[in-house]
Amino acid sequence: MLQNYIKIAFRNFRKNPGYSFINVLGLAIGLSCFIMITAYISYELSFDQFNEKADRTYRVVHQQPDNFFLGTNHFAVTPAPLEKAIRADFSEVEEATTIGKRSLFMSVDGRAFHEKGIIASPSFFDVFTFPLRDGNPKTALASPSSIVLTKDLAKKLFGDEDPMGKTITSNDDKEFRVSGLIEEVPENSHFSFDYVTPASSDENYVRNKEEWRNSGWYTYIVLKEGADATQLQAKLPEFISTYSPNNYKYYLQALTDIHLHSQINSEFSANNNIKYIYLFAGIALLVLLLAMINYMNLAVAQSIRRTKEVGLRKVIGAKRGQLIAQFLSESMLVAFLALFLALFLSELALPLFDGLVEGPLGLSYLQEPQFMAMIFGCTFIAALISGSYPAFFATRLQPRKALKGGQEKGRTRSNLRNLLIVGQFAASIILVICSIVIYQQLSYIQTTEMGYDREHILTLSIQDDEIERQINAIRQELLKDPRIIAAATSDQLPNNIAAQTVIQGWEGSGDPEQELPIYITGVGNHFTELYDMELLRGRNFSSKISSDTTQGAYLLNETAVKALGWNIDTAVGKSLSAWAGDGTVVGVVKDFNMHSVHMQIQPLTMYLEPSRFRFVSLKLQPTDLPETVDFVTETMSDFSNYPVSYSFLDDVFDQQYKTENRLGEIVGYFTLLALFIAMLGLLGLVAYTAEQRTKEIGIRKVLGATVTNIVGLLSKDFLKLVALGFVIAVPIAWYAMNQWLADFAYKIEISPGIFLLAGGLALLIALATVSWQSIRAALANPVDSLRSE
Amino acid sequence: MINTKNLKKIYITEDVETTALNNVNLEIEAGEFCAIMGPSGCGKSTLLNIMGLLDNPSEGEYHFMGEEISDKSERDRAQLRKGNIGFVFQSFNLIDELTVFENVELPLLYLGVSTSERKEKVETALDRMNMMHRRNHFPQQLSGGQQQRVAIARATVADAKLILADEPTGNLDSDHGDEVMKLLAELNEKGTTIVMVTHSPHDADYARRVIHLFDGHVVTENMQEGFHV
């Protein structure tokens, strides 16, 4: 019997190659989107799972009730003594470790390197699973002079020699001896590093070892099997209060939640957001749904043609269940052919998708049995759902009626079909609207004035003290090249001023205890000019006015002036007390966006600090950029033994909106695919309808209808459906995009034009699809369609 | 009205070439009632389609109302067809989704006749066919004879000068068939030219002239003296 089903399924498949092709292709594209997005989501969900104790590992983080910094008052870092205390006080804590970021200038046999790694307490390898290829995990971090390298860094430093026991010298003349080797840190780890040095080798850590007031390290704990994290968390406030003078609230984050659920201050590196995972999952399901709708629509349409066959089979003695099985086996055939095509398409497209999401999905997911089982399961369910409607419908007819031709009333069928088409277009239009809104917001971010110049500005990140000492000579040397227009130093860059202080006591504040949190950065003399910041009142810092450095001088932004309760016109000359001590306001600069468009502009003050800085900014001529960069790195190498890391400010700026840009690209691509699938479905249906109506078209033509008349007749009905889909899509898309835009402090308005554009686009695509088929139908010779009578 | 010279129609498919019509020379005057007879596949319907400007001959000349049309484009033929030629088919070919009234209205719609004039003309045509009481019914609610009467109303509503009927009684029982033939004869008496393809000698008796086709060419043409009325 099964053989018979499959045979018939194949024959039907071959009999209508056009429909079968549309069916398989549409479903394959849908499945392939689904596979790729599922692979991406599995990857995102797999973060930190490679750690054997992942399910019992937690990160301790805290909240500072009064300290809102960069939009949140939660902080990922903790005081250094926390590890020891938590270990001692809680028997349910099996292991604990502390890690911190480290950046080292190192040299091996006279060759200099600048590498990023971590410091970690000796128990690091007991908490995290980074198997050592060489060395003993128990003792690898025991001595302050030990260092564990990743395989790649070892190769970079020592080539093919065995690195174990070899010596690395840091720029402060400390020596590290290689005590272990590990594989590369997996991409799906929420922190990454090229080497691990013992915490005891880091002066800052050692200094703060017993200091509860400073936070700067990440503390992880592993609970004993069966221990309850919520119970432990409940005991934390009391525990902390015996050690810490601050009123910070400590709590636990599950290790595996960090990557998608933690967006707080001082993260090791920027995390993803579960919101985007939901969004992508939504898109994946939507595209799959579109493909399934296609399948259902075409299958239902075709089932009309097959009512006679069904009647005949019934007369011969087929039971309804057998007929349903037959229809379902056909949908299974199509679905699994589509799946194989989809797997093939995914193989082709995954590298592209990898680039899009910047994740190394590779093809490994396709080889994982669990993942494949899930994909097969989903395909099976999709086939079951999309095949069942035509199966149940076609087999419900009375054999007598079915034999008579079955053509009778197709009302309910065409209603459902219409409903599905409306749904398909609604979904496509939603995606189109989202794409347009996201695109507009992205280009708004790109083009809107941030209040400072970011074109052709090269920024050098400075870690070597030598450069600070020789900055005046360096500046002179660099400015000899006419391609370098200006040079300025600063503690922070204008696109991300991430230091905050508190102003306490200022002119006009009635309460001497009153505090104003304010962002602050030290800048060199030429900073505001180089970044073309507009000075509204007063003057810039000047090297000629010695009181700027000796007696404290401040520049404020407009927001700060307002927050202090001052007037811009009278602010200059007023006194205040901040980080750099008591001082006077010498000027007011126009507000510039110093964080991101997600945040409102905050109060900011700048003070003159020409000799301590972390960045050198260079304004370059737009021509010969690569050569200028070469010149800069060469010049810098005359002053420092270590390579200087540099980047262009507009690249850094783009990097700030990486998530949004990626979202825009992904939504864009999937919108195109969704539209394509919807178009395929419509194409199939119009072809089908045109075929159904051949006789009518023939009659109308004989009676004098022109091609235009016929095209209009066939197109009108479908265009109505698209219009209805539009009406449904608009409020949903409007709501979704308002939600998205709510995260931006500076954003576009969703204008009606966007909806009209999306609607127009959908209509145009539908029209193009429909008219191609209807023109074909309209051009057919009516004699052919009427002759058969 | 109709004048053909050496009319030839060849159908070519992948593996066969079929000559449907071969050197057909015909002349049909305005006001004639002409029946075309012959066995299945002799080319009757092909001839009718060419006469009705639905199809072009492969070779030969065809003059319709004085115009040479064998080289005319589809668009021009459609233009000439509108309002001049009415069709009646064996299987009625009414559009199922449209009511009786809407079916009959269709040719006027394509001619661009105004709403009020359409209403008047459709009502006259339906009245003549005695179908006014069924104006809001759908084709499936009518008997075969009634459907054919609607089809004839549709063929005549635009005052066609020529009616081409392809086995108009083929799907009807004899009573209804006679009824339809009488209607056609009445139309002919009022001046409409009628060309009818039929298998039935009984129906052919209504015509003044019978043309016999065999294997694509005219075998005989008889004038009938004592034809039915």
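**Before you click**

Residues count from 1 along each chain as its sequence is written, while chains are lettered from A and ligands numbered from 1 in the order in which they are written. Because the model is predicted, local features need pLDDT of at least 70 and side-chain atom pairs count only at pLDDT 80 or more, whereas totals for chains, interfaces and linings use all residues; side-chain values use heavy atoms, leaving out hydrogens and water.

The model scores are ipTM 0.82 and pTM 0.76.

**Stop 1: two helices in chain A**

Select residues 2-15 of chain A, helix α1, and then residues 320-357, helix α11. Helices here are DSSP runs of H or I with at least four residues, and strands are runs of E with at least two, numbered from the N terminus. The two helices pack at about 60°, with axes 9 Å apart. Axes are lines fitted to C-alpha atoms, for helices over the stretch in contact, and angles run from 0 to 180 degrees between N-to-C directions.

Now show side chains. Contact means heavy atoms within 4.5 Å.

**Stop 2: the four-stranded sheet of chain B**

Move to chain B, where an open, antiparallel sheet runs β2-β1-β4-β5. Strands pair if DSSP finds at least two bridges between them. Select β2 (17-28) and β5 (67-68): these stand at the edges with a single partner strand each, so one side of each has no neighbour in the sheet. Two bridges join β4 (residues 59-64) to β5(B), and B:Phe64 stands opposite B:Glu67. Next, pick helix α1 of chain B (residues 44-51), which packs on this sheet and touches β1, β2 and β4.

**Stop 3: the six-stranded sheet of chain B**

Another open sheet has the order β6-β7-β8-β3-β9-β10, with mixed pairing. The twist averages 20° from one strand to the next. Select β6 and β7 (residues 162-166), a parallel pair with four bridges, and find B:Ile85 opposite B:Leu162. Helix α1(B) packs on this sheet too, touching β3, β6, β7, β8 and β9. Helix α5 (residues 144-156) touches β6 and β7, and its direction makes about 170° with that of β6(B).

**Last stop: colour by confidence**

Colour chain B by pLDDT, the predictor's confidence in each residue, from 0 to 100. The chain averages 86, with 98% of the residues at 70 or above. Confidence is lowest in β10 (residues 217-223), at a mean of 77, and highest in β8 (residues 193-197), at 93.
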